[in-house]
Amino acid sequence: MCRSCAAPTGPNDLPAGAVRPLPGLSRRGLLAGLGLGALTVGLSAGAEAQAVAAEALSAVAVAVAVAVAAARNGAWAGPAQGRFPAGGHYGAPRGGGSHAGQDVSNSTGTAVYAAAAGTVIRRSWGGGLPGRTGNGLVISHGGGQYTYYGHLSAYRVGLNATVSAGQRIADMGATGNVTGPHLHFETHTGALGATVNPVSFLAARGVDLAGGWSRIDPGASGATVVVIQHLMNQRGYGLVVDGAYGSVSADAVKRFQRSKGLVADGQVGPATWPVLVYTLRQGGSGSHVRALQTALNRRSAGLVVDGGFGSVTTSAVRTYQSVNRLVVDGEAGPVTWRALTG
């Protein structure tokens, strides 16, 4: 784990489900943007009108919070496969400060992926951040959100590169002041340097940093939703594969969940994924193979999504398993699916 990697100040943690206010958006502006500006007209007419307006404002605030949370869900990915080492947690004592991130241990050369789409703004020793050592990358995701990847053995993207969620950006290593190879992963929100707990930060966005199944809720969008839609179509649901987890896709998932005796909440999470995915191997074909190819492409495989599990797809599965230190058998079973969709 890291011997240094300390934040110069104490942790600036947020609750797992917290939603930060949208910068520069007033309540009046919010109403106007949603076509509800007329609610503010004539409020001086009496307490009843003001109460109605207040109720409408509250409903709008809830709707916006839900929309913001949904937009986050599906847009993030696990940065590496591995285990949490003892003492490598966020906030652990580090000399005069506290550990600024979460360590994920594995062997040197294990793949490291971008946690979300963004731009590489630092590619240097310690990422140019105080208290950090080793080769590091910083990605800006916009909206005051940043991620840091430390102790890398190799870079796979350049400075100023635009990256997508799940794209391979580096290899895990042991550069800098460490006791062994691992990824030191940080999340910053509000400003670069304002760290928050990466475990709870990613959990609020549907990602289990410890390597469990992702949680994709209605309202999400992105490649993982495409995976879900392909898997649902293999089961005969006839969805439009558009990457948007709207009401039609959510209703189909709920029907599927009821058919399997699961809670019909529309969330594709640890209870639903294992019964939704298929164990696939060379020679298979269909929408479930398209789902696998899409998931592999999210992790930089570069496959043609043709629904045919041929030798090229087999090679991509084996490569993914190898660089993530999974059993290399070329078969996409639950363990490989869990890593791919996390």
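**Entry 1: A114**

I started at A114, which sits in the loop between strand 5 and strand 6 (118-125). Helices (H or I, at least four residues) and strands (E, at least two) are DSSP runs, numbered from the N terminus. Numbering runs from 1 along each chain as its sequence is written, and side-chain values use heavy atoms, with hydrogens and water left out.

Is A114 buried or exposed? A114 counts as buried because its relative accessibility is 0%. Buried means under 20% relative accessible area, exposed over 50%, and partly exposed in between (1.4 Å probe, protein chains only).

I then listed what A114 touches, leaving out residues up to four places away in sequence: A77, I139, Y149, V163, S164, A165, G166, Q167 and I169. Contact here means heavy atoms within 4.5 Å. I also checked A114 against A170: they are 56 residues apart along the chain, and their C-alpha atoms are separated by 8.8 Å.

**Entry 2: confidence**

I looked up pLDDT, the predictor's confidence in each residue, from 0 to 100. The protein chain has a mean of 86, and 81% of its residues reach 70 or more. Over residues 10-45 the pLDDT stays under 50, and the model has 50 contacts beyond four places in sequence for them. Residues 56-71 are also below 50, with 17 contacts in the model beyond near neighbours in sequence. Where pLDDT is low, the predicted coordinates should not be read in detail.

**Entry 3: whole chain**

I counted nine helices and twelve strands in the protein chain. Of its 342 residues, 48% are buried. Among contacts with a separation of 6 or more, 62% join residues 24 or more positions apart. The accessible surface is about 14,200 Å², with 55% belonging to carbon and sulfur atoms. That area comes from the Shrake-Rupley method with a 1.4 Å probe; for residues, only the protein chains shown count as cover.

**Entry 4: cores**

I went to the nonpolar cores next. Such a core is a set of buried Ala, Val, Leu, Ile, Met, Phe, Trp, Tyr and Cys residues joined through side-chain atoms within 4.5 Å. Which members of the largest core touch the most other members? They are W273, L292 and W337, in a core of 37 residues. Elements giving two or more residues to this core include strand 5 (111-113), helix 4 (223-234), helix 7 (287-298) and helix 8 (311-323).

Another core lies apart, with 24 residues, among them A80, A114, F201 and L209. In soluble globular proteins, nonpolar side chains tend to be buried together.

**Entry 5: rings**

A search of the whole structure gave four aromatic pairs. Rings of Phe, Tyr and Trp (its six-membered ring) pair if their centres lie within 6.5 Å; planes under 30 degrees apart count as stacked, over 60 as edge-to-face and the rest as tilted.

I looked at Y113 and Y320, a tilted pair at 6.5 Å centre to centre with 35° between the planes. Y113 is in strand 5 and Y320 in helix 8, 207 residues apart, and the pair links distant parts of the chain. Both Y113 and Y320 are buried.

W213 and W273 are stacked, at 6.0 Å centre to centre and 15° between the planes. W213 is in the loop between helix 3 (198-203) and helix 4, while W273 is in helix 6, 60 residues away. W213 counts as buried at 11% relative accessibility, and W273 is buried at 0%.

I also checked R205. It lies over the face of F201, at 3.7 Å from the ring centre, and over the face of W76, at 5.8 Å. A charge sits over a ring if NZ of Lys or CZ of Arg is within 6 Å of the ring centre and within 35 degrees of the ring normal.

**Entry 6: positive phi**

Most residues other than glycine have a negative phi. I noted H151, with phi near 65°. H151 is in strand 8 (residues 145-155) and counts as buried, at 0% relative accessibility. R325 has a positive phi of about 60°. R325 sits in the loop between helix 8 and helix 9 and is partly exposed, at 35% relative accessible area.

Conventions:
This is a predicted model: local features need pLDDT of at least 70, side-chain atom pairs count only at pLDDT 80 or more; totals for chains, interfaces and linings use all residues.
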